[in-house]
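Open the model in a viewer and keep the selection tool at hand. The stops below are given in the order to select them.

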Amino acid sequence: MNQRRSKKVGTVIGAVAMMATVPLVLSGCSGSSSSSAGGKVTSINVLDYYNQGNDKTVIGDYLDKCGAQAGVKINRTEVPGGSLIQKVLQQASSKTLPDVLMLDNPDMQQIAATGALSPLSDYGIKTDGYAKGVLSAGTYKGKVYGLAPTVNTIALFYNKDVLAKAGITPPTTWAELKTDAAKLTSGSQYGFAVDANATYEGTWQFLPFMWSNGGDEKNIDTKGTEQALQLWTDLVKDGSMSKSVVNWTQADVNDQFLAGKTAMMINGPWQIPALNAQTKVKYGVAQIPVQSASDTAVAPSAARSGPSPTRATRRSRRSPRRSSTA
């Protein structure tokens with residue numbers, strides 16, 4: 001990577017890392033980026049999975065601003081989240097990674113381990129002042145490969161009017177959740193909703209219940225995990241939660257909530273713009289219930305990893321944690 005390109009990519013990465021949205025940004029230098037005959041960088045390629053709704057617009061606006069600041073055109077490609085890693089691994093193998101890549105922090109180390117990325121220090125990007133969790137999420141073998149523009153988690157969202165009418169305060173334990181969800185289930189309205197589909201989104205939503213009950217993803221054959229799964233199963237069996245949750249995405253769950261089809265849901269702050277844009281549902285946010293009042297709630301935290309050029313490009317030149325909440 002030449003010095004001019006490194007500076008341009010570093011400018012974009014540094015600006016994106018200061019955004020107030022959801023991920024960690026990763027970048028890789030690609031031979032497909034445009035430059036003039038004199039070596040001046042004229043465009044930077046970006047790959048992310050914000051391909052729907054408010055996220056797509058917000059990320060796109062920030063990228064355009066970053067490009068304007070760096071004096072380059074941003075060529076953005078969006079893919080569905082479920083196919084991102086496969087595409088990234090294919091690009092890493094074929095040495096066609098884009099200049100800027102967004103990943104969920106659990107995936108960052110997997111991609112860095114392939115040798116496809118290079119650390120932010122190569123761009124002169126400083127990491128002083130970042131929270132330990134943000135740096136940890138973007139670090140592999142002692143080197144920082146990405147910085148989170150923002151970090152998010154998930155919580156219990158509830159319809160204030162519906163709960164108030166039923167004389168219910170947000171549940172804090174599993175027993176309260178089961179009782180309240182049953183009481184709030186009426187007609188076309190379910191008491192509770194989660195995303196239980198067989199993707200990373202479903203896993204993301206289940207982890208707080210498992211972790212808070214002593215479960216561990218490294219060994220799921222435990223009583224803690226079994227009890228957490230049984231909670232969700234019981235909520236479906238008694239009719240407090242729709243059987244369709246096994247097919248819903250987090251966006252689908254939010255749509256159900258906005259339509260008045262569920263009184264409570266598990267979701268994240270990325271839904272807040274859509275929630276604030278409507279006036280029909282007055283919502284509140286509470287901690288995800290735990291099995292016992294003495295248990296500590298443990299929620300996941302996510303970022304999406306930051307900027308880094310590919311080693312493959314350099315060779316050719318020479319020839320996706322936990323956080324406890326009180």
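The model is predicted. Start with Lys-95, in the loop that joins helix 3 (81–94) to strand 4 (100–103). Its phi is positive, about 60 degrees, although the residue is not a glycine. Most residues other than glycine have a negative phi. With a relative accessible area of 39%, Lys-95 is partly exposed, because the value lies between the limits of 20% and 50%.

Next select Lys-141, in the loop between strand 5 (139–140) and strand 6 (143–144). Is Lys-141 buried or exposed? Its relative accessibility is 72%, so Lys-141 counts as exposed, the cut-off being over 50%.

Move to helix 4, residues 105–113, and colour Asn-105, Asp-107, Met-108, Ile-111 and Ala-112, which are buried. Then turn the view to look down the axis of helix 4: these buried residues fall within an arc of 140 degrees, so they line one face of the helix. Just after helix 4, pick Gly-115, where phi is positive at about 85 degrees.

Now show helix 8 (residues 200–212) together with helix 9 (residues 223–237). The two pack at an angle of about 115 degrees, and their axes are 9 Å apart. The crossing of helix 8 past helix 9 is right-handed. To see the contact, select Gly-202, Gln-205, Phe-206, Phe-209 and Met-210 on helix 8, then Thr-225, Ala-228, Leu-229, Leu-231 and Trp-232 on helix 9. Sorted by class, the residues in this contact are seven nonpolar, three polar and no charged.

Stay at this contact and display the side chains of Phe-206, Phe-209 and Trp-232, which ring pairs link into a cluster. Phe-206 and Phe-209 come from helix 8, and Trp-232 comes from helix 9.

The last stop is also about rings. How many aromatic pairs are there, taking ring centres within 6.5 Å as a pair? The count comes to five. Tyr-49 is buried at 10% relative accessibility, and Tyr-50 is buried with a relative accessible area of 3%, because buried means under 20%.

Note on methods: Residues are numbered from 1 along each chain as its sequence is written. This is a predicted model: local features need pLDDT of at least 70, side-chain atom pairs count only at pLDDT 80 or more; totals for chains, interfaces and linings use all residues. Side-chain values use heavy atoms; hydrogens and water are left out. Helices (H or I, at least four residues) and strands (E, at least two) are DSSP runs, numbered from the N terminus. Buried means under 20% relative accessible area, exposed over 50%, partly exposed in between (1.4 Å probe, protein chains only). The arc is that of the directions from the helix axis to the C-beta atoms. Axes are lines fitted to C-alpha atoms, for helices over the stretch in contact, and angles run from 0 to 180 degrees between N-to-C directions. A crossing is left-handed if the near helix is turned anticlockwise from the far one by less than a right angle, and right-handed if clockwise. Contact means heavy atoms within 4.5 Å. Ala, Val, Leu, Ile, Met, Phe, Trp, Tyr, Cys and Pro count as nonpolar, Asp, Glu, Lys and Arg as charged, and the others, Gly among them, as polar. Rings of Phe, Tyr and Trp (its six-membered ring) pair if their centres lie within 6.5 Å; planes under 30 degrees apart count as stacked, over 60 as edge-to-face and the rest as tilted.
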